[in-house]
Amino acid sequence: MNRLILTGWGWKDYACAAALALRHFKSADIRGMSTRRLPEFLNEVTGYKEIVILGVGLTGNPELLTKAVAKLTGKGVKISWISAIPFPESLSSELQSKMEIFVDGDGITDAVSRFYGIPYDDIA
């Protein structure tokens, strides 16, 4: 698999968002992720050309997250962050410049729908 979808857990909106992203891509690995674990995971993950992060917070360990994202993008991995909540102002512009960031919608499923331009009425 060349693509990885990371989504939060605890709310059905995360599962719906991941299903919608998978509908867009047709093929991807999907994994639940927490804000705390995201920086460590990205620092260790290999084998993907694209990583899409759906609604997972970015403030768990900002320094490690910035290093991990820089390492991945340096290897040609495209990283996208889709959220209904604005990008945290406390995070570095370096991190922001290395990710495709999309913020919109009334929840993460709506944000994914708007980003990829596909409806979600049947899974909402």
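Is Thr-7 buried or exposed? At 5% relative accessibility, Thr-7 counts as buried, where buried means under 20% relative accessible area, exposed over 50% and partly exposed in between (1.4 Å probe, protein chains only). The model is predicted: local features need pLDDT of at least 70 and side-chain atom pairs count only at pLDDT 80 or more, while totals for chains, interfaces and linings use all residues. Residues are numbered from 1 along each chain as its sequence is written, and side-chain values use heavy atoms, with hydrogens and water left out.

**Thr-7 and the sheet**

Select Thr-7, which lies in strand S1; helices (H or I, at least four residues) and strands (E, at least two) are DSSP runs, numbered from the N terminus. Leaving aside residues up to four places away in sequence, Thr-7 touches Tyr-14, Ala-18, Ile-30, Arg-31, Gly-32, Met-33, Leu-54 and Val-56, contact being heavy atoms within 4.5 Å.

Next, select the strands. Five of them form an open sheet in the order S2-S1-S3-S4-S5, with parallel pairing; two strands pair if DSSP finds at least two bridges between them. The edges are S2 (29-32) and S5, each of which pairs on one side only. On average, neighbouring strands of this sheet are turned by 15° against each other, direction ignored; axes are lines fitted to C-alpha atoms, for helices over the stretch in contact, and angles run from 0 to 180 degrees between N-to-C directions.

Zoom to S4 and S5, which pair in the parallel sense over four bridges. Here Trp-81 has Ile-101 in S5 as its bridge partner.

**The largest core**

Select Leu-6, Leu-38, Leu-42, Ile-51 and Ile-53: of the 23 residues in the largest nonpolar core, these touch the most other members. A nonpolar core is a set of buried Ala, Val, Leu, Ile, Met, Phe, Trp, Tyr and Cys residues joined through side-chain atoms within 4.5 Å. At least two residues of this core come from each of S1 (3-7), H2 (38-44), S3 (50-54), H3 (62-74) and S4 (78-83), and H3 gives the most, with four residues.

Centre on Leu-42. Not counting residues up to four places away in sequence, Leu-42 touches Leu-6, Ile-51, Ile-53, Leu-65, Ala-68, Val-69 and Leu-72. A second, separate core of 16 residues includes Phe-25, Val-112, Tyr-116 and Ile-118.

**Helix H3**

Which residues of H3 are buried? They are Leu-65, Thr-66, Ala-68, Val-69 and Leu-72. After H3 comes Gly-76, with a positive phi near 90°.

**Helix H5**

Finally, select H5 (residues 108-116). Seven of its nine residues are buried, so H5 is largely enclosed by the rest of the structure. The buried residues are Ile-108, Thr-109, Asp-110, Ala-111, Val-112, Ser-113 and Tyr-116, and they pack against H1 (12-25), S3, S4 and S5 (100-103). H5 lies across S3, S4 and S5, running at about 125° to S4. Just after H5, Gly-117 takes a positive phi of about 65°.
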